[in-house]
Amino acid sequence: MQWETVIGLEIHAQLSTQSKIFSGSATTFGAEPNTQASLVDLGMPGTLPVLNAEAVRMACKFGLAIDAEIAEKNVFARKNYFYPDLPKGYQTSQMDHPIVGKGHLDITLEDGSTRRIGITRAHLEEDAGKSLHEDFHGMSGIDLNRAGTPLLEIVSEPDIRSAKEAVAYVKAIHALVRYLGICDGNMAEGSLRCDCNVSVRPKGQAEFGTRAEIKNVNSFRFIEKAINHEVQRQIELIEDGGKVVQETRLYDPNKDETRSMRSKEEANDYRYFPCPDLLPVVIEQSFLDEVRASLPELPGQKRERFEREFGLSTYDASVLSASREMADYFEQVNATCGDAKLAANWVMGELSSLLNKEGLDIEQSPVTAEQLGGMILRIKDDTISGKIAKMVFEAMAAGEGSADEIIEKKGLKQVTDSGAIEAMLDEVLAANAELVEQYRASDEAKRGKMFGFFVGQAMKASKGKANPGQVNQLLKKKLEG
């Protein structure tokens with residue numbers, strides 16, 4: 001039997017506000033446990049929440065960016081459940097009246113095709129605290145620093161059909177919230193987490209299968225692995241005569257498997273009701289107009305502009321616009337050197353390779369955009385060859401100065417004097433007189449291979465400094481003359 005995978009994702013993005021959603025407590029990551037939890041966060045009797053207006057602004061930014069309906073009136077609700085790190089005994093969230101309604105996001109897949117994924121809703125809520133299970137001699141500790149941190153929960157439609165599509169969607173959301181400046185997207189610190197709702201059904205069947213929810217997956221790689229494992233588990237279970245039960249599962253990356261956590265709750269299990277301490281939020285058109293005016297150029301818009309303005313391929317434009325920092329770096333390089341294609345090749349090639357090797361983000365690049373652009377200028381004006389440029393790039397990365405300083409200091413300037421190149425070629429041909437005769441007596445196919453040998457010898461003799469174009473041109477003339 002052929003099976004179809006159906007996936008819906010719930011992404012929790014921690015909003016980059018200075019304070020929590022209902023109190024003035026700080027949201028700084030890594031503070032000493034329980035030093036950023038106020039009486040409001042702890043749910044002490046007599047305390048009242050005050051809504052953080054910046055969290056509302058950020059949610060509206062996101063809604064406008066995905067072309068969603070923004071609710072003129074949205075309501076906070078209490079989601080009631082007991083867990084040790086939930087001090088109030090309920091989570092303040094939104095249920096029937098979320099701030100962001102239906103929208104969509106277009107994703108680009110590995111083959112260059114695009115798919116539109118529907119977004120059901122995005123709502124504001126507060127985070128819970130964190131249970132700590134180490135260093136407590138068999139007991140658990142509770143850190144309430146995260147309690148009350150503002151989250152935007154982004155719920156997709158069940159439109160995703162593979163683990164790779166799921167990763168592409170999460171990457172698109174990750175890029176978008178970073179472009180908007182509403183979330184730092186640091187998955188290692190829990191700033192962006194994903195719950196994966198996964199089910200399978202026979203191909204062609206309209207009805208959805210029973211889904212399992214994999215909670216709190218916090219890396220692109222683990223999202224793909226967790227979904228693939230869960231799909232395989234469900235297919236094998238059904239084909240062996242069993243039934244998938246609706247439940248919450250956890251992904252264990254060490255064992256590369258999902259395991260049951262608890263039976264899946266329904267909305268009525270949480271006894272949602274409107275929060276009596278918070279008035280409905282009414283969003284005026286003037287506020288939305290102000291937020292819309294503050295939107296930056298979004299990833300899709302930037303990709304299209306890179307294709308249109310710079311003549312880049314869809315793939316190159318997609319890679320370069322994947323993060324705001326990468327796009328800004330590329331544009332600075334291009335502004336310096338005036339050659340978008342060369343700039344794209346160097347940013348996606350040597351620079352990205354260096355950053356990956358050193359484990360650095362582009363903001364930490366040891367080679368500035370101005371330095372890289374300056375080096376590309378020296379390639380364009382024939383001061384250095386592409387091969388020498390790699391040596392210059394390595395020296396810049398090692399902190400040895402600008403391209404001009406390195407070229408001067410190391411004597412790397414390209415030889416473009418025709419007379420000097422001809423003299424050097426004469427020496428190379430004289431040293432390989434027999435091969436020259438063989439070349440002249442050979443057919444075109446063999447000549448091509450032998451020509452490469454002569455070029456290599458010439459570049460070796462010049463220590464890579466001879467202009468390759470001139471070497472090729474003059475060598476051809478001498479060999480065939």
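Buried residues (under 20% relative accessible area with a 1.4 Å probe, protein chains only) make up 48% of the 481 residues in the protein chain. The model is predicted: local features need pLDDT of at least 70, side-chain atom pairs count only at pLDDT 80 or more, and totals for chains, interfaces and linings use all residues. Residues are numbered from 1 along each chain as its sequence is written, and side-chain values use heavy atoms, with hydrogens and water left out.

The protein chain holds 15 helices and 15 strands, taken as DSSP runs numbered from the N terminus (helices H or I, at least four residues; strands E, at least two). Its radius of gyration is 30 Å, well over the 23 Å that the globule rule gives for 481 residues, so the chain is more spread out than a compact globule. The radius is taken over C-alpha atoms, and the rule is 2.2 Å times the number of residues to the power 0.38. Along the principal axes, the C-alpha atoms fill a box of roughly 95 × 55 × 55 Å. Of the contacts (heavy atoms within 4.5 Å) with a separation of 6 or more, 68% join residues 24 or more positions apart.

Helix H10 (residues 386–397) packs on helix H11 (residues 403–410) at an angle of about 110°, with axes 10 Å apart. Axes are lines fitted to C-alpha atoms over the stretch in contact, and angles run from 0 to 180 degrees between N-to-C directions. H10 is therefore roughly perpendicular to H11, a term covering 65 to 115 degrees. Val 392, Ala 395 and Met 396 of H10 meet Ala 403, Ile 406, Ile 407 and Lys 410 of H11.

Conventions:
Angles under 35 degrees count as roughly parallel, over 145 as roughly antiparallel, 65 to 115 as roughly perpendicular and the rest as oblique. Buried means under 20% relative accessible area, exposed over 50%, partly exposed in between (1.4 Å probe, protein chains only).
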